[in-house]
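The sequence and structure come first.

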Amino acid sequence: MANRQYKDTVFRKFFNHEREIAELYQAIRPQDDIREEDITISTLDDVFLDQQKNDLSFLWKDQSVVLVEHQSSINPNMPYRLLIYSVLVMLTSFVDSKALYGTKLVTIPAPHFYVLYIGDDMEKDEDTLRLSAAFKETGADLELVCHVVNITYKEQREILERCKPLREYSYFVHRVDEDKKSGMTLDEAIRETITYCIAHGIMKAFLEEYREEVIKMFALQWDAEEEKKVLRAEGVEEGLARGRAEGKAVGKAEGKAEGKAEGRTEGTIAAVRSLMETLHCTKEKAIELLKIPDDLRPKVMALL
């Protein structure tokens, strides 16, 4: 299990300077003129009781506060987390809480939310997550829109072409992954990637200065992701078990052949829904994981 006391990540440390942040935000908002001198870092430390930090937040031109998170798995709860982060950033950096009780309007910078994603679960270049997706009823009076940007390394990916530091970071992660797939241990893959990147001018100054720290940070970050994969695998098994149990109960209650067939369908649907809820995946993905027979798939899809 990863050591939670080692709180920084390579991404957070690499983008902890106004110059890199300006280049990143320029890539996200190409229509604006983003300058280093207009950036004020406001990243939080120790947000929750387990001492997690938000990855990056900064003020631009005293008019926008931008919160950025880096993820390697799709997390539908990011809007909720970013809502908490944004309130804390406002109260910590931009708002005198006592002024909120006065009669004069307290103006605040406009918030913008981004998740930079690296991984295999996202095919699109961009997507959005909304806080309202978590609400138990529609028509609520609160919304938060989170823009998910795919920064997984790929030739001619537009966002990477527009931002050199982001392209270099994405390549660094990609090369570690490729080296690990070739049979290297994680430590060997990280060290080989650092050596290669320095020799080829990729994140060169950063890696030369923080080589040993990067090795520790990246190893712990990777361990944390492996931990998540185990939890997701356990979730699949839990979903399968729940679905089978519900299917058996329905089938048994029906009794007759017709009832059993209907029970089989109902049980299958219950299993799919359970897996979708547990893993936050699509119905197509759940059906694939459950290996539902081809003859039953159209009916299941129609009833979901």
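## Salt bridges

Asp294 and Arg297 form a salt bridge, with their closest N and O atoms 3.8 Å apart; the term requires a side-chain nitrogen of Lys or Arg within 4 Å of a carboxyl oxygen of Asp or Glu. Asp294 counts as exposed because its relative accessibility is 63%, and Arg297 is partly exposed at 28%. The classes are buried under 20% relative accessible area, exposed over 50% and partly exposed in between, with a 1.4 Å probe and protein chains only.

The whole structure holds 16 salt bridges. Among them is the pair Glu20 and Arg19, whose closest N and O atoms lie 2.8 Å apart. Glu20 is buried, at 9% relative accessibility, whereas Arg19 is partly exposed at 44%. Another pair is Arg35 and Asp33, with 2.9 Å between the closest N and O atoms. Arg35 is partly exposed at 43%, and Asp33 is partly exposed at 42%.

## Model and conventions

The model is predicted: local features need pLDDT of at least 70 and side-chain atom pairs count only at pLDDT 80 or more, while totals for chains, interfaces and linings use all residues. Residues are numbered from 1 along each chain as its sequence is written, and side-chain values use heavy atoms, with hydrogens and water left out.

Asp55 sits in the loop between strand 1 (39–41) and strand 2 (56–60); strands are DSSP runs of E, at least two residues long, numbered from the N terminus. Asp55 is buried but has no salt bridge, and the nearest side chain of opposite charge, that of Arg12, is 5.0 Å away. For charge, Lys and Arg count as positive and Asp and Glu as negative; His and the chain ends are not counted.

The Asp55 side chain reaches the backbone nitrogen of His70 at 2.7 Å. Leaving aside neighbours within four places in sequence, Asp55 is in contact (heavy atoms within 4.5 Å) with Phe11, Arg12, Thr43, Val68, Glu69 and His70.

## Nonpolar surface patch

Val87, Leu91, Leu100 and Tyr101 form a nonpolar patch on the surface, with about 460 Å² of accessible area together. Patch residues have over 30% relative accessible area and no salt bridge; like charges are joined within 9 Å and nonpolar side chains (Val, Leu, Ile, Met, Phe, Trp, Tyr) within 5 Å. Areas come from the Shrake-Rupley method with a 1.4 Å probe, and for residues only the protein chains shown count as cover.

Val87 lies in helix 3 (residues 78–94), helices being DSSP runs of H or I with at least four residues. Val87 counts as partly exposed because its relative accessibility is 42%.

Methods:
Polar contact = N/O pair within 3.5 Å; in protein donor to acceptor, adjacent residues only side chain to side chain.
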